[in-house]
Amino acid sequence: MRIAIVGAGAVGRSIAQALLDHEHKVLLIERRRHSYRPRLVPDADWMLADACEMNSLETAGIGTCDGVMAASGDDQVNLVFSFLTKTEYGVPRVVARINDPDNEWMFTGAWGVDVAVSTPRAIAAGVEDDVTVGDIVRLITLMHGRSQVMEVTLPPDTFLSGTRVGDLTLPSECGILSIFRGTGVLQPKSDTRLTAGDRVLIAAAAELQFQIRETFSEPD
């Protein structure tokens with residue numbers, strides 16, 4: 001896949017490196033000269049340009065991208081870039097970073113955003129995860145709030161240890177995306193067995209959160 005990322009700060013560079021590690025082609029677009037540092041991610045293509053200008057997007061070949069990520073620290077830039085890439089170039093997948101929680105209501109399909117990632121919410125979720133092992137933590141809201149990506153960390157004494165993923169009583173309208181175990185990531189199959197400490201990533205309709213919580217809660 002070819003993916004363009006706007007914003008070559010710490011967040012943008014980290015995303016770029018993760019995508020490169022999975023053998024994707026990455027283009028980093030940065031408008032600030034002091035942040036234009038190709039040596040930090042040498043395997044990516046770099047472009048010094050304003051991603052909110054059509055000429056820059058043409059030169060970058062945005063229309064050939066399979067996905068884009070608006071990862072700058074400026075919500076206005078992220079929204080304009082998302083809107084242009086979706087409406088003018090029809091990029092299939094547009095992910096945008098939200099810096100200010102007050103602006104979250106704008107990061108919707110109306111602005112070309114397929115997936116909005118709130119930096120403050122993600123940080124809060126990370127803190128919450130440390131103190132609510134066994135509970136559901138909402139990470140990302142999708143489809144204008146109708147769906148969510150949630151995470152649950154199995155406690156050390158979990159009753160689900162050894163349970164096969166296929167035997168979980170989850171609603172049919174949700175799915176387990178991945179399981180983080182130690183420093184590795186598992187792609188879950190029906191015969192994958194859960195173990196204490198697993199961090200289970202789940203995609204589901206927002207209203208199913210209570211049913212999902214019941215699945216991972218110790219029975220009375």
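Colleague: What makes strand β11 largely enclosed by the rest of the structure?

Modeller: In this predicted model, buried means under 20% relative accessible area. Five of the seven residues of β11 (residues 199-205) are buried, so the strand is largely enclosed by the rest of the structure.

Colleague: How do you know that β8 and β11 pair, and in which sense?

Modeller: Two strands pair if there are at least two bridges between them. Strand β8 (residues 147-153) and β11 have seven bridges, in the antiparallel sense. One of the residues with a partner there is Q148, bridged to A204 in β11.

Colleague: And what about β9 and β11, how many bridges do they have?

Modeller: Strand β9 (residues 175-181) pairs with β11 over five bridges, in the antiparallel sense. There, I179 has V200 of β11 as its bridge partner. With at least two bridges needed, β9 and β11 count as a pair.

Colleague: Which residues of α1 are buried, and why do you put them on the same side?

Modeller: G12, R13, A16, L19 and L20 are the buried ones. They cover an arc of only 130 degrees around the axis, and therefore lie on the same side of α1.

Colleague: Why is S35 called buried?

Modeller: Its relative accessible area is 8%, and the cut-off is under 20%, so S35 is buried. S35 sits in the loop between β2 and β3. Leaving out residues up to four places away in sequence, S35 touches A8, E30 and W46.

Colleague: And S72, why is that one buried?

Modeller: The relative accessible area of S72 is 11%, which is under the 20% limit, so S72 counts as buried. S72 lies in the loop between β4 and α3. Its contacts beyond four places in sequence include V6, G7 and R97.

Colleague: What makes the S72 and D74 pair a polar contact?

Modeller: A polar atom of the S72 side chain lies 3.1 Å from the backbone oxygen of D74, and the limit is within 3.5 Å.

Colleague: Which residues have the most contacts inside the largest nonpolar core?

Modeller: That core has 26 residues, and those with the most contacts inside it are I29, I62, V68, F81 and F107. The elements giving two or more residues are β1, β2, α2 (54-60), β4 (67-70), α3 (75-87) and β5 (93-98). The largest share, four residues, comes from α3. A second, separate core of 17 residues includes L154, L168, A204 and I212.

Colleague: What does V68 touch?

Modeller: Not counting residues up to four places away in sequence, V68 touches residues including I3, A4, F81 and V95.

Note on methods: Residues numbered from 1 in each chain as written. Predicted model: local features only at pLDDT ≥ 70, side-chain atom pairs only at ≥ 80, totals over all residues. Heavy atoms only, no water. Buried < 20%, exposed > 50% of the residue type's maximum accessible area, 1.4 Å probe, protein only. Arc of directions from axis to C-beta. Contact = heavy atoms within 4.5 Å. Core = buried A, V, L, I, M, F, W, Y, C linked by side-chain atoms within 4.5 Å. Polar contact = N/O pair within 3.5 Å; in protein donor to acceptor, adjacent residues only side chain to side chain.
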